[in-house]
Amino acid sequence: MKYGTLENQEGVYIPVDPVKSYPTDNPYEHRVEVKRQSSGKRRQYKFDETYPYIDRSFSYLIQRNVIGPLFIWFVINVSNRLKYGLRIRGRKNLRPYRKQLKGGAVAVSNHVYQFDAPAVKQALQPLRKIWIPMYAKHFNGGQYWFVRYVGGVPVPETMGGLRKFDEAFDYYHAKGDWILVFPEEVRWDYYQPLRPFRKGAFTMAYKYDCPIVPCVITYRERKGIYKFFGPKEIPLMTVNVGEPVLPDRSHSRKEEVDRMRTVAHERMERMAGILQNPWPAIPDEG
């Protein structure tokens, strides 16, 4: 299998044996089931043009801008610090690019544990408004409140929905908000190699002429006081923020999308201590 070709720098911590945990060469296989709602009325959102991709309702604005941030700050971020020993490195890499980042950016990260979205948001600035395209089925599942108010926007299932989805992100970018995308598409918990990247995040960066900010989550062995906050098999997390990748609009969209995802993949590999990654940056289907 592909994982057999992985080579890391000395000292890189690998928390699970991917050969046993991920015995497949399909990098887009869903390994995390959507949690069902425990009780009450079942939500049955349709992810077409009727979904509120831009929600201006009073209830949403209060929960998105007040209740949600308080919950993330005092519950999720505390859990990330205690249970996952969250550390943040590399913010200094953004300082030379303040001018380019002022109008917004598209951040990308590997997708490797339940609370990786708020962890990356915290690394990029806790108070920055960030929107996250997400797997639509989670919005009808048991994690509805969390995914919606962390800034999640469901990826549509129809062409009509896709038009409204695009309009929403045009609106958010015009306000200077950021976008966070997990270009590996599906979550594989504690997986150390980087999987191929879908092109959506990089197409957005080209369209909006804004930087790609590569982030990568790496792992540390659970030691010391952190042994009291989680089992040994769950690693501690570090979010590494890399130097932005700037689009070159003088080149064609296809050329730049492929170049940006290749460069971002390579920078993330270096931050993760990967010398030889088993997956290519660009999937075989392009």
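User: How much space lies in the largest cavity?

Analyst: This is a predicted model, in which local features need pLDDT of at least 70, side-chain atom pairs count only at pLDDT 80 or more, and totals for chains, interfaces and linings use all residues. Residues are numbered from 1 along each chain as its sequence is written, and side-chain values use heavy atoms, with hydrogens and water left out. A cavity is a set of points on a 1 Å grid over the protein atoms alone where a 1.4 Å probe fits but cannot get out, with points joined across faces, edges and corners and the volume being the space filled by probe spheres set on them. The space in the largest cavity is about 60 Å³.

User: Which strand gives the largest share of the lining of the largest cavity?

Analyst: Lining residues, which have an atom within 4 Å of a point, include Tyr51, Trp131, Arg148, Gly152, Val153 and Pro154. Strands are DSSP runs (E, at least two residues), numbered from the N terminus. The largest share, 3 residues, comes from strand S5 (residues 152-154).

User: Is asparagine 77 buried or exposed?

Analyst: Asparagine 77 sits in helix H2 (residues 58-82), helices being DSSP runs of H or I with at least four residues. Buried means under 20% relative accessible area, exposed over 50%, and partly exposed in between (1.4 Å probe, protein chains only). Because its relative accessibility is 7%, asparagine 77 counts as buried.

How values were computed: 1 Å grid on protein atoms, 1.4 Å probe; cavity = no way out; pocket = protein on both sides within 12 Å on 5 of 7 lines; lining within 4 Å.
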